[in-house]
Amino acid sequence: MVVVAAFVLQFVFWLLLSGVFTPFLVAAGAGSAIAVVWFARRMDMVDVESFPLVMWRTTFHYWPWLLKEICKSGWTVTRIVLDPKLPVSPTLVRFRPLQRTPVGLVTHANSITLTPGTITIEATPEEFLVHGLTRDGAHGCVDSEMDRRVAALEGAP
Amino acid sequence: MTVGAQLVVDVASWALLLAGGFFSVVGALGLLRLPDFFTRMHGASVTDTLGAGLILLGLVLQAGLTLVAVKLLFLAIFIFFASPAATHALVKAALARGVKPQLAPEDPTSKP
């Protein structure tokens, strides 16, 4: 089942990038998709984790919220950079994330890094180490709404 | 598309392109002004999220409903998955080579 989904994903990706629908190129796309899925299977890489975009709840509930957060903190960093006094207070914080699955932990760590002003340095199930441009920004990552939202996504299809 | 609708799309896409350009310049300015390696990464992240995102969105409006728009959206998705991984790798490499972050003095009143 997952193999078929992986093939369809690869093939649609080829068709969208190519945009030329001659029999030869469509067949070549199908052949390439089969080859890629075959190699990925040999490397034991075809599993549910290969389909982050197929997790619909992530796409439609979490991403819009994340984009809003990126805009908000992007604007905060912009104001700091343009401020003549440059009011930075770089801070490291350590905290324990709520997520228990690898996908959840990666989503949380990447979300922290994507929002300007905070970068995940270490990401383990026991502890995240986050560098923040300001003290408030860094402490804002501890027990955050983001933490709860990503944890709520875990286990959802 | 009518001339009026085309004008609205053009204005919107130019607004997005200009905003994206503005945030890219801010990111570059941050890269120059901020004090150390780690804080400079924060400046750069404005460029590769807001800067790249808004410019790609403006270009999607210019492309209309075509395969070019689909490719631009793929580009946005890849940037959003790859750039945090690259940032993370860069920061870990810096720490492993012994670059110490300059930290603000601890403020005892705002412990987590």
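Okay, a term to begin with: when I say helix or strand, I mean a DSSP run, with helices being H or I of at least four residues and strands being E of at least two, numbered from the N terminus. With that in hand, Leu86(A) sits in the loop between helix H3 (56–82) and strand E1 (91–95) of chain A.

Some housekeeping. This is a predicted model, where local features need pLDDT of at least 70 and side-chain atom pairs count only at pLDDT 80 or more, while totals for chains, interfaces and linings use all residues. Residues are numbered from 1 along each chain as its sequence is written, and chains are lettered from A and ligands numbered from 1 in the order in which they are written.

Asp143(A) is another one to look at. Its phi is also near 50 degrees, again positive and again not a glycine. You'll find Asp143(A) in the loop between helix H5 (135–139) and helix H6 (145–153) of chain A. With 14 C-beta neighbours inside 10 Å, Asp143(A) counts as partly exposed.

Now chain A as a whole. It has 6 helices and 3 strands, and along the sequence they go α-α-α-β-α-β-β-α-α. The radius of gyration is 20 Å, well over the 15 Å that the globule rule gives for 157 residues, so chain A is more spread out than a compact globule. That radius is taken over C-alpha atoms, and the globule rule is 2.2 Å times the number of residues to the power 0.38. Along its principal axes, the C-alpha trace of chain A spans about 60 × 35 × 25 Å. Buried residues are 31% of the 157 in this chain.

Chain A also splits into domain 1 (2–49) and domain 2 (55–153), with bounds that come from an automatic or database domain assignment. The C-alpha centres of those two domains of chain A are 34 Å apart.

On to chain B. The C-alpha trace of chain B spans about 60 × 30 × 25 Å along its principal axes, and 27% of its 112 residues are buried.

How do helices H2 and H3 of chain B pack? Their axes are 9 Å apart, at an angle of about 175 degrees. Axes here are lines fitted to C-alpha atoms, for helices over the stretch in contact, and angles run from 0 to 180 degrees between N-to-C directions. H2(B) and H3(B) are therefore roughly antiparallel; the classes are under 35 degrees for roughly parallel, over 145 for roughly antiparallel, 65 to 115 for roughly perpendicular, and oblique for the rest. Residues making that contact include Phe37(B), Met41(B) and Leu56(B) from H2(B), and Leu72(B), Ile79(B) and Leu90(B) from H3(B). In contact means C-beta atoms, placed from the backbone, within 7 Å.

By class, this H2(B)–H3(B) contact has 18 nonpolar, 4 polar and 1 charged residues. Nonpolar covers Ala, Val, Leu, Ile, Met, Phe, Trp, Tyr, Cys and Pro; charged is Asp, Glu, Lys and Arg; the others, Gly among them, are polar.

Last stop, the interface. On the B side, 32 residues are in contact with 31 residues of chain A. H3(B) gives the largest share of the B side, 10 residues, and that side divides into 18 nonpolar, 10 polar and 4 charged. 

One pair to look for there: helix H4 (residues 102–114) of chain A and H3(B), with axes that come within 9 Å and cross at roughly 85 degrees. H4(A) and H3(B) are therefore roughly perpendicular.

Technical notes:
Two residues are in contact if their C-beta atoms, placed from the backbone, lie within 7 Å. A residue is buried if 20 or more other C-beta atoms lie within 10 Å of its own, exposed if 12 or fewer, and partly exposed in between; C-beta atoms are placed from the backbone.
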